[in-house]
Amino acid sequence: MALKRHNPKGVALMGRYSHAVELSPGQRVIYASGQVGVDSKGKIAAGIEKQCDLVWKNIGAILRSAGMTYGDIVKINGYLTDARFIGAYRSVRDKYVHDPMPASTLVLVSGLASPDMLVEVEVVAART
């Protein structure tokens, strides 16, 4: 039961993502809460690159706890506090998430739970 990605020819892709990912019946699904650039001691990392790296490491730990990997991600919702962070966000994301890409949304927000938080990412993952 493989995932099916939908990228119809008449709908332009504006980056590295899939327009939709279809799950097969019987797949386990987890919805991970938004992760921020906070280390295991609750300290917020300095700078967008370090925060993004911690976000993806935290997501990896959550996935492993469910017996999953980054390859099981079917949807990413990313939130940035500044458009200048888009390049760094994508660069770090691409170290962890590879082709075929999941469905993805990236939103600019005026702020997160703490003024020091620059990025938050939530994912949905599925596995047979």
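Colleague: How many positive and negative side chains does the protein have, and how far apart do the centres of the two sets lie?

Modeller: This is a predicted model. The protein has 16 positive and 11 negative side chains. The centres of the two sets lie 5 Å apart.

Colleague: What share of the residues is buried?

Modeller: Buried residues make up 39% of the 128. As for contacts between residues at least 6 apart in sequence, 72% join residues at least 24 apart.

Colleague: How do I read helix α1? What should its 18 residues span?

Modeller: Count 1.5 Å a residue, and α1 (residues 48–65) should span 26 Å. Its end C-alpha atoms are 26 Å apart, which agrees.

Colleague: Which residues of α1 are buried?

Modeller: Start with the general idea. An α-helix has 3.6 residues a turn, so residues three or four places apart point the same way. Now the case here. The buried residues of α1 are I48, Q51, C52, L54, V55, W56, I59, G60 and L63.

Colleague: What covers the buried residues of α1?

Modeller: The cover includes strands β3 (28–36), β4 (73–80) and β6 (119–127), along with helix α2 (86–96).

Colleague: Which residue takes a positive phi just after α1?

Modeller: G67 does, at about 75°.

How values were computed: Residues are numbered from 1 along each chain as its sequence is written. This is a predicted model: local features need pLDDT of at least 70, side-chain atom pairs count only at pLDDT 80 or more; totals for chains, interfaces and linings use all residues. Side-chain values use heavy atoms; hydrogens and water are left out. Buried means under 20% relative accessible area, exposed over 50%, partly exposed in between (1.4 Å probe, protein chains only). Contact means heavy atoms within 4.5 Å. Lys and Arg count as positive and Asp and Glu as negative; His and the chain ends are not counted. The place of a charge is taken as NZ of Lys, CZ of Arg, CG of Asp or CD of Glu. Helices (H or I, at least four residues) and strands (E, at least two) are DSSP runs, numbered from the N terminus. The expected span of a helix is 1.5 Å times one less than its number of residues.
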